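Me: Please take a close look at one chain of this model and leave the rest aside except where it touches that chain. I would like a connected account, from the overall build down to single residues.

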Amino acid sequence: MPITGDMILTASKYLLIALSLLIMLRCIRSMLSSGYEAETWATARWGRESVPVTHWENLIGRARSADIRIDREGLERVQAVLTRRDDGRWMLFDVFSRGGVAVDGRAVGAEGAELAAGSVARLGGVNLRLQDLGAEKSGALEEKRSFAGKRVSPALTLFELTVFELLLLAQHLLTSPETQPIQISLGFAVLILLEWFCYYAMRLIGRSGFEVETIAFYLTGLGVSVTASAAPQDMFRQSLLILAAFVLFLLLGLWLRDLRRSEALRPFAALLALGLLALNVFTSDTLNGARSWLSIGGFSFQPSELVKVAYVYVGASTLEKLYRRGNLIVFIVFSAVCVGALALIGDFGSALVFFICFLVISFLRSGSIATVFLAVSGAAMAGFLAVSIKPYIARRFAVWGHVWEDVYGAGYQQTRALGAAAAGGLFGKGAGGGWLTDIVAADTDMVFAVLCEEEGIIIACCAVLAVLTLSFFAVRTARRARSAYYSIAACAAVTLLMAQMALNVFGSLDLLPFTGVTFPFVSRGGSSLLACWMLMAFIKGADTRRGGSFVVRPAAQLWSAAKPKAQKKGGRGA
Amino acid sequence: MKKITRRAFSVLLLALAIIFGMTVFVLRYADEGGDWALYFASANSGAGGELRDRHGVLLASFDATKYAFSDDAETRVACYHVTGDYWNRTGTGALGAYWDLMQEYSLLEGTNKKEPKALTLTVDAAVCRAAWNAIGYNRRGAAMMMNYKTGEVLCMVSLPSADPINGEAPVADTAFINRCLSASFPPGSVFKLVTAAAAIEDLGDVFSRSFSCEGEYTIGTVDIHCTGVHGEQTFEQALANSCNCAFAQIAVATGYNSLYSHVKAYGFLDRQELDGIGAIAGSYRTSYAGDPELAWSGIGQSTDLVTPYAMLRYVAAIANGGMLATPQLILSDEPVEQTRLVEASTADKLKEMMSYNVVSHYMPEIYFPGLSHVCAKTGTAELGDGTSHAWFVGFLDDPAHPYAFAVVIERAGSGLVAAAPVANRILRAAIASEG
């Protein structure tokens with residue numbers, strides 16, 4: 001290697017780390033540094049009191065956790081749910097209240113009744129009126145909300161990411177100039193072009209919140225680098241997959257814009273998930289101990305990855321549905337079937353990921369009320385998992401914590417992952433300069449160690465931090481989501497990502513038993529990449545910052561789309 | 001909404017768990033990363049390493065693709081148990097044990113090595129060859145020698161041996177066992193040095209006593225037989241005669257507790273280490289089993305087992321006034337650690353007695369021509385089938401050539417006849433090799 005190349009390689013290592021930290025810091029600052037103002041949709045009035053209505057779904061009652069808290073003697077802790085339809089109409093639902101809820105003197109049931117402007121809702125001896133804000137007022141309020149990406153320029157972050165990826169490419173060309181340089185260069189080029197296309201497309205429709213995409217692209221870029229090291233001949237295929245994943249992300253995001261439509265399709269998504277799993281249980285090939293692969297037309301994919309998306313889609317729920325009897329039972333049965341099917345397939349890792357997601361979703365949906373019941377059903381499912389433990393899984397448990405005692409047997413992968421990870425040191429050997437990628441499944445199951453070896457432990461930790469940042473953002477932005485559906489979906493999505501990452505990283509590092517799940521975005525593997533990008537759409541769905549997300553229609557657009565009747569009435573006031 | 005989004009914080013429990021896990025990993029990485037990285041160092045650093053003897057003679061070298069050893073077959077085979085081989089078949093080889101020292105690892109840079117790193121050992125290939133030739137092709141045994149001032153081990157040879165370049169070639173039975181470290185033998189009369197130390201310390205008037213030998217000594221119903229009829233002897237004469245009758249009496253008079261505590265204190269019962277390479281422990285009766293057994297154990301029979309390495313440590317300490325210079329296998333400039341193994345006065349008396357052994361009984365002009373100040377003890381450890389292991393342990397009481405040695409040859413008969421010539425050869429080779 002010429003001296004100049006050597007010097008570039010060394011310098012690029014330090015630069016990569018600096019850029020990586022910078023990108024992370026900018027994303028964290030942009031996403032988490034300060035809360036953002038809520039959207040306001042209407043004003044709820046009773047007596048002399050009034051509160052702004054900041055969600056599409058609001059719990060009314062005396063409880064502190066009620067969104068519209070009416071602290072009057074006659075009211076129950078949780079009495080009604082007030083929901084805004086996409087067309088601007090407001091609906092009121094009675095949620096098992098003893099005293100009942102009435103609109104204009106007519107009793108309201110669980111199926112709800114419209115609370116039009118001028119109507120009076122009577123609940124617990126209180127007369128509640130709703131005043132729509134209207135386009136003008138809402139527009140004025142919207143003006144006061146700060147733009148997403150105002151504090152931290154998304155374009156600059158993306159520029160840094162571009163430099164980061166170009167440096168990765170340079171490292172590949174320096175460390176292994178003979179291996180498919182054109183394919184690797186094209187792979188990075190496609191990724192960078194896609195990033196900027198995405199950025200400009202979003203700007204074109206007035207969106208400036210770009211952190212979620214930046215983080216996803218950052219991780220995808222690391223994935224491209226891993227592919228370039230492990231399977232450069234597959235680079236073209238990987239590029240196609242990234243494009244496909246991005247398209248699916250856009251499509252799902254656009255679909256999620258319409259809440260009613262999204263909700264209506266839940267049973268179909270559930271059927272699709274069950275169908276895929278059934279197909280998997282009965283027909284798929286056995287690979288690496290688990291029958292989790294399905295081959296269709298030369299492409300093999302893991303249905304469980306796509307089922308993840310469907311699972312989140314089905315698991316999330318709007319607020320008024322949460323207060324219907326039996327809604328959780330159906331979900332538990334659905335979850336049990338999913339986990340059971342995965343256990344049957346022998347995909348222990350995915351089953352565990354689903355189970356963790358199930359716990360989170362059901363806690364979000366039910367809270368402490370049904371905890372006892374949940375614990376029971378959870379235990380039953382865990383029992384199912386235990387039953388499903390097969391000899392090869394038992395072996396993985398047996399070697400857990402003792403990998404160095406069986407370096408050429410059951411500890412083969414973990415010891416090599418640890419060895420390679422430590423060999424990289426703080427700065428790594430440079431992209432393409434490692435040896436771990438020669439080992440089977442290094443680019444999926446041991447991908448964290450590949451990152452450690454090639455880019456150094458700091459960048460590997462940044463990859464973990466990236467996923468954690470997404471989760472913190474999701475939890476934060478869930479508070480401002482328009483619907484509980486988006487809140488739950490965003491939280492469920494990041495739970496899946498984190499659970500998967502934890503099993504992948506800690507499994508390969510012998511902190512947990514080894515399970516063959518993927519590291520989100522970074523692991524090479526088509527279906528996983530598609531699923532991860534689609535999960536991003538759920539996070540975008542909860543982001544209601546001004547100009548934050550393409551999944552969220554701007555308020556102004558919604559007002560103009562609302563029914564003239566509703567607007568007229570709203571204008572007149574109550 | 002509030003109700004649900006409050007619960008959303010449960011998601012962060014998972015994030016916390018991940019942060020905890022990553023912290024554990026990073027701490028472990030900082031602590032054990034070197035071991036992890038170096039375990040697979042051959043795969044990730046192409047530079048490799050080298051093993052050289054104390055004079056720079058190449059013993060072994062390797063890189064990512066191949067292992068190479070000395071061009072001289074005799075050196076390869078004589079040093080086999082020192083170097084080990086690619087397959088790490090001997091278990092005590094420096095290639096396996098010092099793998100990490102020939103690699104470079106830093107927390108900052110991981111494994112980033114450009115040049116092969118040479119590790120210089122304290123052994124002298126010429127002395128090892130001499131030992132190998134002296135023991136000879138068709139005998140089994142071990143010869144070990146160290147500088148008792150510096151702790152440097154110059155010779156560690158075990159026969160039968162193997163050629164490290166050929167993993168396919170048939171080798172003699174037990175060839176992979178390093179008899180210096182990984183085998184223990186009945187010590188026979190060399191063990192009288194330990195019994196003598198116990199007697200000197202716990203049998204106050206031992207030097208003024210006299211011991212009679214009529215060729216046989218009866219304790220209860222058990223006869224202790226002797227190699228000759230030694231008549232009345234002093235303590236010194238009894239050791240020089242290697243008189244079983246006398247030492248049976250001495251062992252019984254000294255008592256089990258004293259003997260056991262000396263055996264233990266001298267490290268015969270511990271797993272000793274040679275610069276990080278483990279040796280096995282010897283054995284001695286763990287409880288008193290009657291005077292006859294005590295008598296037999298005092299003359300190195302009964303259940304006594306010692307490794308040549310433990311014996312070498314003991315005589316090296318005697319040579320050095322009771323202080324053991326910690327044995328070294330890696331040559332270094334750092335001052336060697338000295339620990340007291342034997343009481344100074346005891347060591348001095350034993351040294352005088354071992355010198356008297358040689359002068360009065362071992363015919364130095366025949367067995368050690370050209371060597372002076374040899375102090376030693378023979379051993380002929382009976383195996384009960386008419387054969388015996390030949391032992392010879394001792395040192396040169398000469399500041400110019402401060403060498404201690406332990407030689408054992410399996411089923412070779414008399415210690416003086418079979419083992420002393422080997423000691424003579426390696427001592428002369430070591431002196432000749434001094435630069």
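Reply: The model is predicted, and every value below is computed from it.

Chain B has 435 residues, of which 56% are buried. Its secondary structure consists of 16 helices and 17 strands. Along the principal axes, the C-alpha atoms of chain B occupy a box of roughly 105 × 60 × 40 Å. Among contacts in chain B with a separation of 6 or more, 65% link residues 24 or more positions apart.

The surface comes next. Chain B exposes about 16800 Å², and 51% of this area comes from carbon and sulfur atoms. Its charged side chains number 31 positive and 46 negative, and the centres of these two sets are 10 Å apart.

Within chain B, Phe392(B) belongs to strand β16, which covers residues 388-396. Phe392(B) counts as buried because its relative accessible area is 0%, and the cut-off for that class is under 20%. Between Phe392(B) and Ala325(B) there are 67 residues in sequence and 21 Å in space, C-alpha to C-alpha.

Some backbone details fall in loops. The peptide bond joining Leu159(B) to Pro160(B) is cis, its omega being near 0°. Pro160(B) sits in the loop that runs between β6 (153-159) and α8 (192-202).

Two residues other than glycine have positive phi values. For His373(B), phi is near 60°; this residue is placed in the loop between α15 (364-367) and β15 (374-382). For Arg411(B), phi is about 45°, and its loop lies between β17 (403-409) and α16 (415-433). His373(B) has a relative accessibility of 49% and so counts as partly exposed. Arg411(B), at 48%, is therefore also classed as partly exposed. Both classes follow from the cut-offs, since exposed requires over 50% and buried under 20%.

How values were computed. Residues are numbered from 1 along each chain as its sequence is written. Chains are lettered from A and ligands numbered from 1 in the order in which they are written. This is a predicted model: local features need pLDDT of at least 70, side-chain atom pairs count only at pLDDT 80 or more; totals for chains, interfaces and linings use all residues. Side-chain values use heavy atoms; hydrogens and water are left out. Helices (H or I, at least four residues) and strands (E, at least two) are DSSP runs, numbered from the N terminus. Buried means under 20% relative accessible area, exposed over 50%, partly exposed in between (1.4 Å probe, protein chains only). Contact means heavy atoms within 4.5 Å. Accessible areas come from the Shrake-Rupley method with a 1.4 Å probe; for residues, only the protein chains shown count as cover. Lys and Arg count as positive and Asp and Glu as negative; His and the chain ends are not counted. The place of a charge is taken as NZ of Lys, CZ of Arg, CG of Asp or CD of Glu.
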